[in-house]
Amino acid sequence: MQNLFFLQKKTLSIHKEGKGKNIMSKVKNVLLKVLGPLFLSESKVVSNERLSPHFQFLTIKGKSFKKSEWIPGQKIQVRLSDDIMRSYTPSSWDRQNGVVQTLVYMHGKGPGALWARDAKPGSKATILGPRGSLVLSEELKEVVFFGDETTFGLAYAIKENFKQLSVRCFFENTDLRESKPVLERFNLQDSTLYTLSQYDIIASDIARGYQSSTTSKIVLSGKQQSIVAIRQKLYTLGILPEDIIVKVYWGWKDDPNGKLKK
Ligand SMILES: Cc1cc2nc3c(=O)[nH]c(=O)nc-3n(C[C@H](O)[C@H](O)[C@H](O)COP(=O)(O)OP(=O)(O)OC[C@H]3O[C@@H](n4cnc5c(N)ncnc54)[C@H](O)[C@@H]3O)c2cc1C
């Protein structure tokens, strides 16, 4: 099992390889064990809905959620064992009732996917957060959003909560037939959909309708390798680095072409 924890901190730096990364990972595990209990909060899964073979929609309730100030785009981290945490994005955060919802895409049998698949109503969930992740300026009026199944919830949170924003979504999908009903459920049916690896077409579509200004941004989220490829193509189409916000959610660790460079 590959560990994606390193992706959850730095999204724009070149990842450290070998010894350095192992030490970083050990330090994180020690910090998690020592400091974790101070910041983690206990909550309960109240419902866990299977939307399709790979999508689970979890509703989690916790007292601490009533006190937290969540900004759409922020993440939570679920503690799955002493040294394993996984990040998920609240699609909604109801402070009054202390209820948080998150849409999980289960790509395989990693600890996060197994938790999402098996969490029963009434089961405990140990949560850290909300914590910083994607930050959008309040000045923004237009966002062009690219992502994948792991960022449907993020797109929904942005669209639902920033009503002043015009959000146009472009998603790459492993299985279009599986994604479509889920996107409809989350009011994202107007999105433009692609199968995997259509980077040039996606970049052209994004660039075509985009007007560079201080109130518009392109958000590239989801899979690291797709973000790298699309961003590269966007540059060749004249899009400026300052127009792009990157938020990596996952990636193939050993792909030498997938590294994000500053
Ligand atoms: C800030 C942040 C917010 C996130 N929010 C969400 C969210 O709301 N919903 C959501 O579904 N995910 C979200 N993710 C992504 C999720 O945390 C990762 O996909 C995580 O790796 C899942 O853990 P796992 O234990 O299931 O798999 P891991 O054990 O971490 O990975 C196992 C293997 O699967 C591969 N892999 C990981 N993710 C995918 C994928 N999506 N498709 C195909 N292969 C994959 C890995 O490269 C690895 O080889 C978020 C990530 C971050 C950083």
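A backbone N or O atom of Leu 103 lies 2.9 Å from a nitrogen atom of the ligand in this predicted model, a polar contact being a pair of N or O atoms within 3.5 Å, for which, within protein, one must be able to donate a hydrogen and the other to accept it, residues adjacent in sequence counting only if both atoms are side-chain atoms. A backbone N or O atom of Ala 113 is likewise placed 2.9 Å from an oxygen atom of the ligand, and a polar backbone atom of Thr 150 is found 3.4 Å from a ligand nitrogen atom. Of the 930 Å² of accessible area that the ligand has on its own, the protein covers 93% (Shrake-Rupley method, 1.4 Å probe).

The ligand is surrounded by 25 residues, the closest being Arg 86, Ser 87, Thr 89, Tyr 105 and Gly 112 (a residue counts if one of its heavy atoms lies within 4 Å). Strand S4 (84–88), strand S6 (99–105), helix H3 (111–118) and strand S12 each supply at least two residues of this shell, and S6 gives the most, with four residues; helices (H or I, at least four residues) and strands (E, at least two) are DSSP runs numbered from the N terminus.

Seven strands form an open antiparallel sheet in the order S4-S3-S7-S1-S2-S6-S5, where pairing requires at least two DSSP bridges between two strands. Because S4 and S5 (90–94) stand at the edges with a single partner strand each, one side of each is left without a neighbour in the sheet. Within this sheet, S1 (residues 41–52) and S2 (residues 55–61) run antiparallel and are joined by seven bridges, with Arg 50 opposite Gln 56 in S2. Helix H3 packs on the sheet, touching S1, S2, S3 (75–81), S4, S6 and S7 (124–131), and its direction makes about 70° with that of S4; contact means heavy atoms within 4.5 Å, and angles run from 0 to 180 degrees between N-to-C directions of lines fitted to C-alpha atoms, for helices over the stretch in contact.

Strands S8 (residues 142–147) and S11 (residues 216–223) pair in the parallel sense over five bridges, and Val 143 stands opposite Lys 217 in S11.

Residues are numbered from 1 along each chain as its sequence is written, and side-chain values use heavy atoms, with hydrogens and water left out. As the model is predicted, local features need pLDDT of at least 70 and side-chain atom pairs count only at pLDDT 80 or more, whereas totals for chains, interfaces and linings use all residues.
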